[in-house]
Amino acid sequence: MWNLIKLTNIHIADNPVTGSLPYSIGSLTKLTYLDISDNQFTGAIPTTIGELGNLYNLNISDNKIAGTVPTQIGMMSKLRDASMFQNRIGGRIPGEIGYLTGR
C-alpha cells in the first residue's frame, strides 16, 4: 500500500490493523488525508512523515505508537489538523510545530 505514490487519501480507521508505520510513508507526497486511528499500530512515527508536504489532516489516535513526535513535522506546511491522543508518545512537543501554517 505504501508504494501508491499518487494516493491522496488513506482512511483505515477502526480496524484491527497491526504493525508499524513504514519509513516509506514519506514517498506518498500527494497524500492530503491520513486517518489510521483506532487500530493497533506500534513503533515510532517515522521521520519521513515530514515529507508529506500536502497533508492537511493527520489522525493517528488510539494506537500503540511510541516515542516522540519527530521535529520533521514542522516541514508539513499544509497540516491543519493533527490528532495523536491515546498512544504511547512522550517527550516534548517539538518547537518546529510552530512552523505549520495550514496553507
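## The nonpolar core

A nonpolar core is a set of buried Ala, Val, Leu, Ile, Met, Phe, Trp, Tyr and Cys residues joined through side-chain atoms within 4.5 Å. Buried here means under 20% relative accessible area, exposed means over 50%, and partly exposed lies in between (1.4 Å probe, protein chains only). With that in hand, the largest nonpolar core of this predicted model has 20 residues. L34, L52, L55 and L58 are the ones with the most contacts inside it.

Leaving aside residues up to four places away in sequence, L52 touches I25, G26, L28, T29, L31 and M76; contact means heavy atoms within 4.5 Å.

## How to read the model

Because the model is predicted, local features need pLDDT of at least 70 and side-chain atom pairs count only at pLDDT 80 or more, while totals for chains, interfaces and linings use all residues. Residues are numbered from 1 along each chain as its sequence is written, and side-chain values use heavy atoms, with hydrogens and water left out.

## Two open sheets

Let's turn to the strands, which are DSSP runs (E, at least two residues) numbered from the N terminus, as are helices (H or I, at least four residues). Two strands pair if DSSP finds at least two bridges between them. Strand 5 and strand 7 run parallel and are joined by three bridges, and N57 stands opposite D81 in strand 7.

Three bridges pair strand 2 with strand 4 in the parallel sense, and T18 stands opposite Q40 in strand 4.

## S61, a buried serine in a loop

S61 sits in the loop between strand 5 (57–59) and strand 6 (64–67). S61 counts as buried because its relative accessible area is 2%. Not counting residues up to four places away in sequence, S61 touches S37, D38, S83, M84, F85 and N87.

A polar atom of the S61 side chain lies 3.5 Å from the backbone nitrogen of M84. A polar contact is a pair of N or O atoms within 3.5 Å; within protein, one must be able to donate a hydrogen and the other to accept it, and residues adjacent in sequence count only if both atoms are side-chain atoms.

## Two aspartates with positive phi

D38, one of the residues that S61 touches, has a positive phi of about 55° although it is not a glycine. D38 lies in the loop between strand 3 (33–35) and strand 4 (40–43). D38 counts as partly exposed because its relative accessibility is 33%.

D14 is not a glycine either, and has a positive phi of about 60°. Look for D14 in the loop between strand 1 (9–11) and strand 2 (18–20). With a relative accessible area of 61%, D14 is exposed.

K6 lies in the segment before strand 1, and its relative accessibility of 71% makes K6 exposed. The C-alpha atoms of K6 and S83 are separated by 24 Å, with the two residues 77 residues apart along the chain.
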